Amino acid sequence: MKDPLQRRKFISKLSAGMAASVLTPSAVVHPFNINSSGRKLALKGGKAIFPSTKIGIDWPYVDDKVVDSVVETTKSRIWSRIQSRDGKVPTFEKVFADLIGAKHSVGTGSGTQALSTAVLALGIGPGDEVITSPYSDFGTISSILTARALPVLADLDPQSFQLNPDEVEKKINKNTKAIMPVHISGLPADMGRIMDLARKHNLNVIEDACQAHLASYQGQPLGLIGDLGCFSFQASKAIACGEGGAVVGNDEALMDECYTVQNRGSSRQGKNETIGPKYRMNEFEGAVLMGQISGARERFEKRDQNANFLNQHLKEINGLTPQKQYKGTENGGYYRYALSYEEDNFDGVSRTAFLKAVNAEGVPFSSYIRNGFHREPWVDHILGLKGYQTMFSKERLEKYKADMKMPNCDIVTDKTHISLWGSGLLLGSQEEMQGIVDAVTKVYENRDQLKDL
Ligand SMILES: Cc1ncc(COP(=O)(O)O)c(C=O)c1O
């Protein structure tokens with residue numbers, strides 16, 4: 001622990017928590033071994049804190065409402081959104097917009113398609129550049145590449161795993177059209193500074209809020225701070241239908257353009273107006289979403305509460321620092337619950353050894369993204385394409401490749417980031433959250449057993 005007084009306070013709080021839990025009926029049968037796991041690490045043959053149980057609830061979320069909604073759609077024979085204005089997809093678009101606090105929302109077949117819709121609706125295409133993070137799902141830059149624009153990566157703030165606005169500013173040039181911040185883990189990127197940059201250089205902002213359902217920053221919902229915000233409903237997400245997505249925004253004309261783009265160029269009035277892929281969300285996806293949307297706010301609040309509990313306790317352990325939150329952060333979507341691991345402050349125990357030890361205790365922390373985008377082969381692929389060679393000068397492409405150095409992202413992927421899936425796990429009970437804290441504390445206190453790993 002960082003200081004002995006804090007540590008004593010922490011331990012007395014733990015004991016008080018355990019004593020209180022004995023009074024509750026659910027605490028009589030512990031699903032896990034909070035206090036009886038002994039000091040021998042499970043990795044070394046000791047008793048694990050969570051011997052066999054999963055933490056939290058199974059994900060994606062299913063209940064009778066979800067099943068009934070899908071059955072209803074099946075029987076209705078309304079399977080495509082264009083068959084009815086009151087079908088599941090158009091209804092979900094209204095309900096989701098209300099939930100987020102947006103004036104408009106347009107459903108798509110995935111988060112990647114939502115981002116692609118936003119890029120195309122803003123008129124971004126060949127010869128244009130969009131600045132984004134190297135630390136995300138490949139869907140982020142896929143949306144820029146499929147428009148045949150150039151995704152320009154800027155390095156991270158290693159404490160927040162988010163785009164560093166200072167690095168963004170260095171990458172702005174006359175071809176730059178937009179910034180695409182990624183709210184990684186569901187926590188807000190440094191939006192105050194990103195919006196200042198966008199205003200100063202007259203750039204659009206597309207928020208990749210694929211992990212950030214219902215989170216907010218300075219009184220504004222994520223997804224509505226920039227020009228357009230994009231969400232994913234892929235199976236692991238906090239609101240999930242297998243594959244699905246949505247664009248949100250307050251500008252009616254721009255949102256109409258999003259509708260037209262994702263409807264393969266045909267407007268709401270049925271006119272074939274522009275170029276667009278067919279990205280329509282189908283009615284079965286809408287049915288799953290309509291079935292689970294009513295509990296989404298409560299689940300979000302529970303995740304936020306549990307993440308705050310973990311932050312409060314895990315920050316007291318030497319070598320662990322919760323994901324940095326920028327001033328103005330009100331709450332997070334917590335698709336992942338993330339921390340930085342500092343090997344030196346864990347007496348030299350490597351991140352790999354720490355992960356093996358906490359995993360053996362039953363807590364599924366992992367290092368998440370293995371490589372920043374700059375270390376993946378697509379870079380050489382696009383530089384070899386005739387289209388990119390025609391659109392950008394040889395000097396520009398050479399500089400582009402030379403600038404693909406992201407030392408802070410490398411530190412995050414190779415050394416410091418550790419996180420848990422949030423969607424189902426952070427819906428666990430108070431006792432389970434306490435079990436996570438106990439498992440990490442046990443590993444910290446017995447770190448000498450990990451020296452040989
Ligand atoms: C930050 C981020 N951006 C984009 C995407 C792409 O979303 P989808 O998988 O729905 O296409 C994801 C999904 O994992 C994501 O986490």
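Before you start clicking: the model is predicted, so local features need pLDDT of at least 70 and side-chain atom pairs count only at pLDDT 80 or more, while totals for chains, interfaces and linings use all residues. Residues are numbered from 1 along each chain as its sequence is written, and side-chain values use heavy atoms, with hydrogens and water left out.

**Stop one: helix α3**

Select residues 64-76, which make up α3 (helices are DSSP runs of H or I, at least four residues, and strands are runs of E, at least two, numbered from the N terminus). Its 13 residues reach 18 Å from first C-alpha to last, close to the 18 Å expected (1.5 Å times one less than the number of residues).

Now show side chains for Val66, Ser69 and Thr73, which are buried (under 20% relative accessible area; exposed is over 50%, partly exposed in between, with a 1.4 Å probe and protein chains only). They sit on the same side of α3 because they cover an arc of only 65 degrees around the axis (taken from the directions from the helix axis to the C-beta atoms). What do the buried residues of α3 pack against? Bring up α4 (88-100) and α10 (283-292), and there they are.

At the start of α3, a side-chain oxygen of Asp63 comes within 3.0 Å of the backbone nitrogen of Lys65. Just after the helix, Arg77 has a positive phi of about 60 degrees.

**Stop two: Pro126**

Jump to the loop between α5 (111-121) and β2 (129-132) and pick Pro126. Pro126 is exposed, at 55% relative accessible area. Leaving aside neighbours within four places in sequence, Pro126 is in contact with Ala147, Arg148 and Met391 (contact being heavy atoms within 4.5 Å).

**Stop three: salt bridges**

The whole structure has 21 salt bridges (a side-chain nitrogen of Lys or Arg within 4 Å of a carboxyl oxygen of Asp or Glu).

- Asp58 and Lys54 meet at 2.8 Å, N to O; Asp58 is exposed at 54%, and Lys54 is exposed at 58%.
- Asp256 and Arg268 have their closest N and O atoms 3.2 Å apart. Asp256 is in α9 (252-262) and Arg268 in the loop between α9 and α10, so the pair ties together parts twelve residues apart in sequence.
- Lys401 and Asp380 meet at 2.6 Å, N to O, linking α15 (394-402) with α13 (378-383).
- Asp166, Asp190 and Arg193 form a salt-bridge network.

Technical notes: Polar contact = N/O pair within 3.5 Å; in protein donor to acceptor, adjacent residues only side chain to side chain.
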